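Student: I would like a close look at one part of this structure, the sheet and what surrounds it. Please treat the matter as one connected account.

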Amino acid sequence: MKKKKRIGSIFRILVILGLIYAGFLQYKISQSSNVDTPKNADYLIVLGARVKGTVPTLAFASRINAAAKYALENQDTIIIASGGKGSGEEISEAESIKRELVKQGINESMIMLEDRSTDTYENIHFSKKLIPREAKSGLVVTNTFHLYRALSIARDQGLDVQGLPAKTPLKAVIKSYTREYLAITKFYLKRYIL
């Protein structure tokens, strides 16, 4: 009987700690997404996401749309389209970004392709090499759920960047945030423990 009570108490404590941790992560994610985006950034890094054949998913399209809106309002900003070609993708994520931006009226000469990356670490690492030397201010464009981790990775790699949040489609919220909580936990483990 005592053993059952002890197990029940431990379980309740773990659930409470888990909820506190999830609340902390949600706070960090919200904090990164609710900031004023500066105008006239020297460059944007648009992070890739899944492409179905040649069509960007809803969450990915939201990133591209946010980048296009910014670029149309800040026409001297260079765009680095970042993302390689994964399984089930007929074109690279970078190429998908470029095609969609051009459709929305962005001058092709303002878009640079980084088409080797397979994850957020590589997105930043390879994109960093394409940033013009004279560039000072930059923005990372990704969905609200992903922005905190993406900015943390960029800053760990020496980039002084801010975020340009793209909306997360409603139907992707639960799946996206759940996966992101796990991804942030992995990021913390790599950064602070491993």
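Tutor: In this predicted model, five strands build an open sheet with parallel pairing, and their order across the sheet is E5-E4-E1-E6-E7. The two edge positions belong to strand E5 (residues 111-114) and E7; each has a single partner strand, so one side of each is left without a neighbour in the sheet. From one strand to the next, the twist averages 25 degrees. Strands of a sheet pair through backbone hydrogen bonds, either parallel or antiparallel.

Strand E1 can be followed through its bridges. Five bridges connect E1 to E4, and the two strands run parallel. Leu44 has Ile79 of E4 as its bridge partner, and Ile45 stands opposite Ile80, also in E4. Helix H3 packs on the sheet, where H3 touches E1, E4 and E5; the direction of H3 makes about 160 degrees with that of E5. E1 is also joined to E6, by four bridges, again with the strands running parallel. Here Tyr43 has Gly138 of E6 as its bridge partner.

Five of the five residues of E1 are buried. In a regular strand the side chains alternate between the two faces of the sheet. Tyr43, Ile45 and Leu47 lie on one side of E1, Leu44 and Val46 lie on the other, and all are buried, which leaves both faces covered.

In soluble globular proteins, nonpolar side chains tend to be buried together. The largest nonpolar core of the model holds 24 residues, and those with the most contacts inside it are Leu44, Val46, Ile79, Ile97, Leu101 and Val141. Two or more residues of this core come from each of strand E1 (43-47), helix H2 (58-73), strand E4 (78-82), helix H3 (93-103), strand E6 (138-143) and E7. H2 gives the largest share, seven residues.

Leu25 is one of the buried residues of H1, together with Ile29, Ser32 and Ser33. These buried residues of H1 pack against helix H5 (144-156), strand E7 (161-166) and helix H6 (173-193). H1 covers residues 2-33, and at 1.5 Å a residue its 32 residues should span 46 Å; the end C-alpha atoms are 47 Å apart, which agrees. An α-helix has 3.6 residues a turn, so residues three or four places apart point the same way.

H5 has 13 residues, and from its first C-alpha to its last it reaches 19 Å, close to the 18 Å expected at 1.5 Å a residue. H5 is mostly covered, with 11 of its 13 residues buried. After H5 comes Gly158, whose phi is positive, near 85 degrees.

Asn40 lies in the loop between H1 and E1, and its phi is near 55 degrees, a positive value in a residue other than glycine. Asn40 counts as exposed because its relative accessibility is 56%, the cut-off being over 50%.

The whole chain gives the context for this part. The chain has six helices and seven strands, and along the sequence they follow the pattern α-β-β-β-α-β-α-β-α-β-α-β-α. Of its 194 residues, 46% count as buried. Among contacts in the chain with a separation of 6 or more, 74% are between residues 24 or more positions apart. The C-alpha trace spans about 70 × 35 × 30 Å along its principal axes. The chain exposes about 11400 Å², of which carbon and sulfur atoms supply 57%.

Key
Residues are numbered from 1 along each chain as its sequence is written. This is a predicted model: local features need pLDDT of at least 70, side-chain atom pairs count only at pLDDT 80 or more; totals for chains, interfaces and linings use all residues. Side-chain values use heavy atoms; hydrogens and water are left out. The expected span of a helix is 1.5 Å times one less than its number of residues. Buried means under 20% relative accessible area, exposed over 50%, partly exposed in between (1.4 Å probe, protein chains only). Contact means heavy atoms within 4.5 Å. A nonpolar core is a set of buried Ala, Val, Leu, Ile, Met, Phe, Trp, Tyr and Cys residues joined through side-chain atoms within 4.5 Å. Two strands pair if DSSP finds at least two bridges between them. Axes are lines fitted to C-alpha atoms, for helices over the stretch in contact, and angles run from 0 to 180 degrees between N-to-C directions. Accessible areas come from the Shrake-Rupley method with a 1.4 Å probe; for residues, only the protein chains shown count as cover.
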